[in-house]
Amino acid sequence: MLWDKIKNRADEQGISIYKLSKITGIPNATFYNYRNSSEPSFKNMCKIADALDVSLDYFREES
């Protein structure tokens, strides 16, 4: 699930969701909407990928 990949990568880098919110400018509540299966916009995914230093491909579901 997308949320798991975001959370795991943030945890690996020692970044809390609150801090990720501050880095990306995406409201903290929005991240918790993602946790509840809300789909992020492309713009927000780009911000998250940049903040976590990964490519967008990192978030693609594996076959």
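Is Arg9 buried or exposed, and what is its relative accessible area? Arg9 is buried, with a relative accessible area of 18%. (Buried means under 20% relative accessible area, exposed means over 50%, and partly exposed is in between, using a 1.4 Å probe and protein chains only.) Keep in mind that this is a predicted model: local features need pLDDT of at least 70, side-chain atom pairs count only at pLDDT 80 or more, and totals for chains, interfaces and linings use all residues. Residues are numbered from 1 along each chain as its sequence is written, and side-chain values use heavy atoms, with hydrogens and water left out.

**View 1. Helix 1 holds Arg9 and its salt-bridge partner, Glu12.** The side chains of Arg9 and Glu12 meet in a salt bridge, at 3.5 Å from N to O. (A salt bridge is a side-chain nitrogen of Lys or Arg within 4 Å of a carboxyl oxygen of Asp or Glu.) The two residues are 3 apart in helix 1, about one turn of the helix. (Helices are DSSP runs of H or I with at least four residues, numbered from the N terminus.) Arg9 is buried, but Glu12 is exposed, at 56% relative accessible area. Here's a handy rule: an α-helix has 3.6 residues a turn, so residues three or four places apart point the same way.

View 2. Lys7 and Asp11 are separated by about one helical turn, because they sit 4 residues apart in helix 1. Lys7 counts as partly exposed, at 30% relative accessibility, and Asp11 also counts as partly exposed, at 43%.

**View 3. Asp57 and Arg60 pair up in a salt bridge.** The closest N and O atoms of this pair are 3.9 Å apart. Both Asp57 and Arg60 are exposed. A search of the whole structure finds 3 salt bridges. As for what brings such partners together, side chains of opposite charge can pair when their charged atoms come close.

**View 4. Helix 2 has a buried side and a side turned away from it.** Helix 2 covers residues 17-24, and its buried residues are Ile17, Leu20, Ser21 and Thr24. Looking down the axis of helix 2, you'd find these buried residues within an arc of 105°, so they line one face of the helix. What do the buried residues of helix 2 pack against? They pack against helix 1 (2-12), helix 3 (28-35) and helix 4 (42-51).

**View 5. Zoom in on Ser21, a residue of helix 2.** Ser21 is buried, at a relative accessible area of 7%. Its side chain reaches the backbone oxygen of Ile26 at 2.6 Å. (That's a polar contact: a pair of N or O atoms within 3.5 Å; within protein, one must be able to donate a hydrogen and the other to accept it, and residues adjacent in sequence count only if both atoms are side-chain atoms.) Setting aside neighbours within four places in sequence, Ser21 is in contact with Ile26, Pro27, Asn28 and Phe31. (Contact means heavy atoms within 4.5 Å.)

**View 6. Thr24 is another buried residue of helix 2.** The relative accessible area of Thr24 is 10%. Its side chain reaches the backbone oxygen of Ser21 at 3.4 Å. A polar atom of the Thr24 side chain also lies 3.2 Å from the backbone nitrogen of Ile26. Leaving out neighbours within four places in sequence, Thr24 is in contact with Phe31, Lys47, Ile48 and Ala51.

**View 7. Here are some positive phi values.** Gly25 follows helix 2 and has a positive phi, near 80°. Ser37 isn't a glycine, but its phi is positive as well, near 80°. You'll find Ser37 in the loop between helix 3 and helix 4. Where does Asp53 sit? Asp53 is in the segment after helix 4, and its phi is positive, near 55°. Asp53 counts as exposed, at 62% relative accessibility. For background, most residues other than glycine have a negative phi.

Conventions:
Arc of directions from axis to C-beta.
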